[in-house]
Amino acid sequence: MAAEPDLRAHPGLLATAAVRKIAPYVPGKPIEELERELGLRDIIKLASNENPYGASPRALAAMRRAVDRIGFYPDGSGHELKSKLAAHHGVQRAQITLGNGSNDALVLIAEAFLTPDTDAVVSQYAFAVYPIAVQATGATLKVVPALPASHAVMPLGHDLAAMRAAVCARTRLVFLANPNNPTGTYASAAELEAFIASMPASTLVVLDEAYFEYGRSLQLQDGVMWLAKFPNLIVTRTFAKAYGLAGARVGYALSHPEVADALNRVRQSFNVSSPALAAASAALEDLAHVERAVAVAVAERARVSQRLADLGAPTVPSGGNFLLAHFGPRAAAINDRLLHAGIIVRPVGNYGLPEHLRITLGTPAQNDRLLAELACLLPAAMRA
Ligand SMILES: *Cc1c(COP(=O)(O)O)cnc(C)c1O
C-alpha cells in the first residue's frame, strides 16, 4: 500500500485536485525586479500592454483626493462609476458588475456559472486567466486548436467554427478575447456576431474587450451593442489598458441584468478600492487622453510591425497595443539580451509559443530604442 502523504511537510496537498493542476499565471517582469537583478537604470517595460503615457491627470488628481478619505470603506455599490458607465455605454446600471480589474470579473463569471459537471471552451493561445478561472471551479477546460501559423488571413487566430463545434449541452461558458492576448489576432464583427448567434441558450459567451479601444481602426465589434439582442452575452472591459490605470485594478462586465445579479452575489462587497473607483470615474471625463494614446499606438503598430518584418521577425496581425513577433529558436536568447539592454518584453513560452516574443507598443522613442537594439542583435543572432 502506498504510504500516506506527509501532510505536515506538504500541506499544499490539501488544496483541491483541480487547483493543484493549475499552471500559475506568469506576469511580466516588473521594472524594479530588473533594476535589482542587473543594476540597470532607464529600463523600459514593453511587457504588460500598459499605456506608456499612463492615466489622465484628472484620474490621478481624483485618486489623490480619494486617498484623503482612505479610512472609510469604498462605496460597495460603485454608484458613481456605474452611473457614468451606464451613460457612457447606454446600458442600465443593473447590467454592470464592477471588478478588481476585469480579471476579477472573469473569475466571478467562472464562479457563478461553472461546476465540475460543466465545461468551458477556449481557444489555444487564449488569455491565460481563462484556464485559471475555469480550472479553479473543477469544471473541464476544452482547448480548441487555433488556426495554423500558415493561415493566409489570421495565423494563430481563433478557429470560430471549431470552437462552435466544441460547444455541447454541458458547455456553460465560452471565453473569447477579440482582439486576443497574447496574439493580438481578431475576428471580424460579422464573424463574431454569427458565432454568438449560433450559441445555444445554455451557453454564455464571454467576449473580453480589453483592447476594444485599439480595435476601432479595424472596424472591430462593439459587443455592448449586441447585449440587447443576446441575453447569453457578457462583455468585459478594463481601465488597465487604454485608460492607463493598470495599477489601480478596475474593470467591469456588462450583461443581462439577471447575469449581473448572479455575478454580484459572488462578488466581494468591497472588491474595488475607493481610489480606483474615483480614478475610473474621472478617467471617463477625459476620453481625449485615451484617444491620443490610442492614436499613437495604432500608428506605431503599423510602423513597428513593418520594421520587425524587415529585421526578420514577422508579426501576426494585431488589433491590440502589442505585437507578437516570431524570432525563431533564438527567442529566449534575444529576450535575455534585451533584458541586459534594459528592455523588458514578454516571453510567451507559457502559452506554447517559445519562438515568439510579445512586445507592447511604447512611445515612439521607446519603440525606436527597442528597434535599434534588435537591429544590433538580430544579424548576430542569425549568424550564430
Ligand atoms: C490585460 C487583459 C485583461 C485586463 O486585465 P485587468 O484585470 O483588467 O487588468 C483582460 N483580458 C485580456 C485579454 C487582457 O489582455
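Predicted model: local features only at pLDDT ≥ 70, side-chain atom pairs only at ≥ 80, totals over all residues.

Me: Which polar side-chain atom lies 2.7 Å from an oxygen atom of the ligand?

Reply: That atom belongs to asparagine 181. For serine 102, a backbone N or O atom lies 2.7 Å from an oxygen atom of the ligand. The protein covers 93% of the 380 Å² of accessible area that the ligand has on its own.

Me: How many residues are around the ligand, and which come nearest?

Reply: There are 13 residues around the ligand. Asn181, Asp208, Thr238, Lys241 and Arg249 come nearest.

Me: Why are strands E6 and E7 called paired?

Reply: Pairing needs at least two bridges. Strand E6 (residues 204-208) and strand E7 (residues 233-238) have 4 bridges and run parallel. So E6 and E7 pair. Aspartate 208 has threonine 236 in E7 as its bridge partner.

Me: Where do E6 and E7 sit in their sheet?

Reply: The order is E2-E8-E7-E6-E5-E3-E4, in an open sheet of 7 strands with mixed pairing. Strand E2 (96-99) and strand E4 (140-144) are the edge strands, as each pairs on one side only. On average, neighbouring strands are turned by 20° against each other, direction ignored. Helix H5 (residues 102-113) lies across E2, strand E5 (171-177), E6, E7 and strand E8 (251-254), at about 155° to E7.

Me: Why are E9 and E11 called edge strands?

Reply: They belong to an open sheet of 3 strands, in the order E9-E12-E11, with antiparallel pairing. Strand E9 (322-326) and strand E11 (346-348) each have a single partner strand, so one side of each has no neighbour in the sheet. Neighbouring strands here are turned by 30° against each other on average, direction ignored.

Me: How do you know that E9 and E12 pair?

Reply: At least two bridges are needed. E9 and strand E12 (residues 353-360) have 5, in the antiparallel sense. So E9 and E12 pair. Leucine 323 stands opposite isoleucine 359 in E12.

Me: Which helices lie across strands of this sheet?

Reply: Helix H12 (residues 287-310) lies across E9 and E12, at about 10° to E9. Helix H13 (residues 331-340) lies across E11 and E12, at about 35° to E12.

How values were computed. Residues numbered from 1 in each chain as written. Heavy atoms only, no water. Helix = DSSP H or I, 4+ residues; strand = E, 2+ residues; numbered from the N terminus. Axes fitted to C-alpha atoms, helices over the stretch in contact; angles between N-to-C directions. Contact = heavy atoms within 4.5 Å. Near = heavy atom within 4 Å. Polar contact = N/O pair within 3.5 Å; in protein donor to acceptor, adjacent residues only side chain to side chain. Areas by Shrake-Rupley, 256 points an atom, 1.4 Å probe, with all protein chains shown as cover.
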